[in-house]
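Open your viewer and get ready to click along. We will go from the whole chain to single side chains, one stop at a time.

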Amino acid sequence: MKRPPTLRCQPESSPTVPPSGGRREHAAADKRLRALPQSRTVPSPAAATTTLCLWGVTVGTTTVDGQTLFYRQANPAQQAPKLSVLLLHGIRFSSETWLNLQTLSKLADAGYRAVAIDLPGFGHSKEATAPAPVGQPAPGGFLKAVCEALELGRVVVISPSLSGMYSLPFLFQHSQLVQAYVPVAPICTEKFPATQYASIKTPTLIVYGDQDTQLGEMSLNNLKNLPNHKVLLLKGAGHACYLDKPEEWHLGLLDFLKSLE
C-alpha cells in the first residue's frame with residue numbers, strides 16, 4: 001500500500017490580489033512574519049489523516065460546499081475545550097500566520113479548541129473557488145457550513161481584514177452560532193446599516209492598531225454600532241496589528257475569552 005501524501009506546513013505564498021492595507025505596510029508585515037519561528041513537517045503514520053506540525057498543531061482538510069479547505073487545529077492537552085475559536089486571515093496571510101505567531105498554541109494552552117482555516121483561493125486552499133468576489137460579502141451560509149464540517153458548535157470568530165467579507169454576513173445571518181466576535185480592522189463593514197449592527201447582541205472585541213488610520217478607523221466607526229462591544233487599541237501598531245504587538249494581542253484576546261467562560 002502506498003504511503004498517503006504528507007500534508008506540509010509550507011511557508012505562505014502571497015496572493016496576486018493587491019493588499020487592502022497598503023503595499024508598504026504589508027511588505028513590513030511579511031518581514032515580521034519571516035522573523036518568526038517557522039513551522040516544520042513531521043511525517044504522519046500511514047493511517048493518519050492529519051500531520052503534526054510546530055507546537056503540537058495538526059493539519060487537515062475538510063469539504064465545504066464541494067470545495068476542499070485546509071485547516072490547522074490545536075486542542076487542549078489535558079481537558080475538554082472550554083470554547084471553540086475559528087481564526088480567519090487577511091489577504092496576504094493564511095492559517096500559517098496563526099501557527100507562526102503561536103496564537104493557535106496559546107489558545108490551546110488556555111483551554112480552547114483553536115481552528116484556523118485557509119480561505120478559498122489562499123494558502124493550501126488555493127484551488128478552492130470563493131463564494132463571492134474579493135471585497136464583496138459572501139453568503140453567511142459559507143462559514144456556517146465550515147463550522148458544521150469542523151463540528152465547532154457555537155464559535156468565537158477572529159476575523160482580520162479580508163475575512164470580514166465572510167465573518168460579517170455570518171454574524172448577521174447566523175448570530176445564534178457566534179458565541180463572540182473578534183474583528184481586526186475587517187473589510188465590508190460599510191456595506192451594512194447601523195440598524196443591522198444594533199440588532200446584534202453578540203459579545204464583540206474590536207481590535208485595531210492606532211497607526212491604521214484608514215481601514216482600522218473606518219471599521220471601528222461601523223463596528224461600534226454593535227451594542228455589546230469592547231475595544232482593544234494596540235498603540236504603535238498598523239493594519240496587521242497582531243504582528244506588530246503580539247504580546248498585547250494575545251493578552252487582550254485571552255482576557256476577552258476568559259470573560260466568556
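Start with the whole chain and its contacts (heavy atoms within 4.5 Å). Among contacts with a separation of 6 or more, 73% are between residues 24 or more positions apart. What you see is a predicted model, in which local features need pLDDT of at least 70 and side-chain atom pairs count only at pLDDT 80 or more, while totals for chains, interfaces and linings use all residues. Residues are numbered from 1 along each chain as its sequence is written, and side-chain values use heavy atoms, with hydrogens and water left out.

Now switch to a cartoon view. The chain has nine helices and nine strands; these are DSSP runs numbered from the N terminus, with at least four residues of H or I for a helix and at least two of E for a strand. Of its 261 residues, 52% are buried (under 20% relative accessible area, with exposed meaning over 50% and partly exposed in between; 1.4 Å probe, protein chains only).

**Stop 1: strand β8**

Select residues 204–209, which make up β8. Six of the six residues of this strand are buried, so β8 is largely enclosed by the rest of the structure. In a regular strand the side chains alternate between the two faces of the sheet. Here Thr204, Ile206 and Tyr208 point one way, and Leu205, Val207 and Gly209 the other way.

β7 and β8 run parallel and are joined by two bridges, and Tyr181 has Thr204 as its bridge partner in β8. β9 (residues 229–234) also pairs with β8 in the parallel sense, over six bridges. There, the partner of Thr204 is His229.

**Stop 2: Asp212**

Move on to Asp212, in the loop between β8 and α7 (215–223). Is this residue buried or exposed? Asp212 counts as buried because its relative accessibility is 5%. Show its side chain and that of His239: the two make a polar contact at 2.8 Å. Such a contact is a pair of N or O atoms within 3.5 Å; within protein, one must be able to donate a hydrogen and the other to accept it, and residues adjacent in sequence count only if both atoms are side-chain atoms. Asp212 also touches residues including Ala185, Glu217 and Ala237.

**Stop 3: the nonpolar cores**

A nonpolar core is a set of buried Ala, Val, Leu, Ile, Met, Phe, Trp, Tyr and Cys residues joined through side-chain atoms within 4.5 Å. Select Leu86, Ile117, Leu143, Val146, Leu168 and Tyr181: of the 42 residues in the largest core, these touch the most other members. Helix α5 gives this core its largest share, six residues. Zoom in on Leu86, whose contacts include Val115, Leu143 and Ile158. A second, separate core has 34 residues, among them Leu87 and Leu205.

**Stop 4: aromatic rings**

How many aromatic pairs does a search of the whole structure find? There are six. Rings of Phe, Tyr and Trp (its six-membered ring) pair if their centres lie within 6.5 Å; planes under 30 degrees apart count as stacked, over 60 as edge-to-face and the rest as tilted. Select Phe172 and Phe192, a tilted pair at 4.7 Å centre to centre with 45° between the planes. Phe172 lies in α5 and Phe192 in the loop between β7 and α6, so this pair ties together parts that are 20 residues apart in sequence.

Finish with Tyr242 and Trp249, another tilted pair, with 6.1 Å between centres and 55° between planes. Both residues are buried.

Methods:
Two strands pair if DSSP finds at least two bridges between them. Lists of a residue's contacts leave out its neighbours within four places in sequence.
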